[in-house]
Amino acid sequence: RLNDVLLEVMQNADDLGFQGRYDRLAPELTELFDFALMARTSIGRAWSKLEPAQQEALTDAFANLSIATFANRFSGYSGESFTVTGETPGRAGTVMVENHLTTGDGQQIPINYLIRENDGRWQIVDVLLDGKISELATKRSEYTSVLQNQGFDQLVDSLNQKAAQMATN
């Protein structure tokens, strides 16, 4: 389902523009990704020290940036296709969905999704670029540094500013 909506967005990218791609992706990604778990994981133990309103603000900023990133990355079409190549059971009830994007010139780019069941439905909890680079691990390093050095408000502002900047590129 994710691959289908990404292809649709890519094929209509010029007509949609950034905001149209964002608007088309937002409901799908919100349903397919567990943004609350991803936001919590991205800051580690610091999550438990946040007030519920702060947790919600961080989850919203995380989701906003994630959706903007997809809208920015999938901004054109030149014959790309996606192929799910398999599934591998992981730790703690997770499953790695092995997937690759084939570019118009035939290059295959692994984009794997770590999924887990959440309230009876499977949701993505991490994306592994090139098949092995965890986006959450990368974000955790960056986000915990900002949180420790500049504080919670600056972290949320930073995420929202990055998303807004993508809209203008």
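Contact here means heavy atoms within 4.5 Å. Keep that in mind for the exercises below, and remember that you are working with a predicted model.

**Exercise 1. Which residues of H4 and H5 meet, and how do the two helices cross?**

Start with the residues. On the H4 side, look for Phe 62, Leu 65, Ser 66 and Arg 73; across from them, in H5, are Glu 135, Leu 136, Lys 139 and Tyr 143. Sort this contact by residue type and you get 4 nonpolar, 1 polar and 3 charged.

Next, the geometry. H4 covers residues 52–73, and its axis sits 14 Å from that of H5, at an angle of about 125°. Angles from 65 to 115 degrees count as roughly perpendicular and those over 145 as roughly antiparallel, so this pair is oblique. The handedness of the crossing is right-handed.

**Exercise 2. At what angle do the axes of H4 and H6 cross, and which residues make the contact?**

Helix H6 takes in residues 152–168, and its axis crosses that of H4 at roughly 25°, coming within 8 Å. The cut-off for roughly parallel is under 35 degrees, so H4 and H6 are roughly parallel to each other. Their crossing is left-handed.

Now walk along the contact. H4 contributes residues including Ala 57, Leu 58, Ala 61, Phe 62, Leu 65 and Ala 68, while the H6 side includes Leu 155, Val 156, Leu 159, Ala 163 and Met 166. By type, the contact of H4 with H6 divides into 12 nonpolar, 5 polar and 1 charged. Notice that Phe 62 and Leu 65 are listed for H4 in the contact with H5 and also in the contact with H6.

**Exercise 3. Find the salt-bridge partner of Arg 24 and say which helices the pair ties together.**

A reminder first: side chains of opposite charge can pair when their charged atoms come close.

The partner is Glu 8, with 2.8 Å from N to O. Arg 24 belongs to helix H2 (residues 13–32) and Glu 8 to helix H1 (residues 2–11), so the bridge ties together parts that are 16 residues apart in sequence. For accessibility, Arg 24 comes out partly exposed at 26%, and Glu 8 is partly exposed as well, at 31%.

**Exercise 4. Which residue forms a salt bridge with Asp 34, and is Asp 34 buried or exposed?**

It's Arg 116, with the closest N and O atoms 3.2 Å apart. This bridge links distant parts of the chain: Asp 34 is in the loop between H2 and helix H3 (35–43), whereas Arg 116 is in strand S3 (residues 108–118), 82 residues apart. Buried means under 20% relative accessible area, so Asp 34, at 8%, is buried. Arg 116, at 25%, counts as partly exposed.

**Exercise 5. Where are Ala 92 and Asp 119, and what are their phi values?**

Most residues other than glycine have a negative phi, which makes these two worth a look.

Ala 92 has a positive phi, near 55°, and is found in the loop between strand S1 (81–89) and strand S2 (95–102). With a relative accessible area of 79%, Ala 92 is exposed. Asp 119 also has a positive phi, near 50°, and its place is the loop between S3 and strand S4 (121–129). Asp 119 is exposed too, at 77% relative accessibility.

**Exercise 6. Leaving aside neighbours within four places in sequence, which residues does Pro 89 contact?**

Pro 89 is in strand S1, and its contacts beyond those neighbours are Thr 94 and Val 95. At 71% relative accessibility, Pro 89 is exposed. Between Pro 89 and Thr 69, 20 residues apart in sequence, the C-alpha to C-alpha distance is 27 Å.

Definitions and conventions:
Residues numbered from 1 in each chain as written. Predicted model: local features only at pLDDT ≥ 70, side-chain atom pairs only at ≥ 80, totals over all residues. Heavy atoms only, no water. Salt bridge = Lys/Arg side-chain N within 4 Å of Asp/Glu carboxyl O. Helix = DSSP H or I, 4+ residues; strand = E, 2+ residues; numbered from the N terminus. Buried < 20%, exposed > 50% of the residue type's maximum accessible area, 1.4 Å probe, protein only. Axes fitted to C-alpha atoms, helices over the stretch in contact; angles between N-to-C directions. Left-handed = near helix turned anticlockwise from the far one by under 90°. Nonpolar A, V, L, I, M, F, W, Y, C, P; charged D, E, K, R; others polar.
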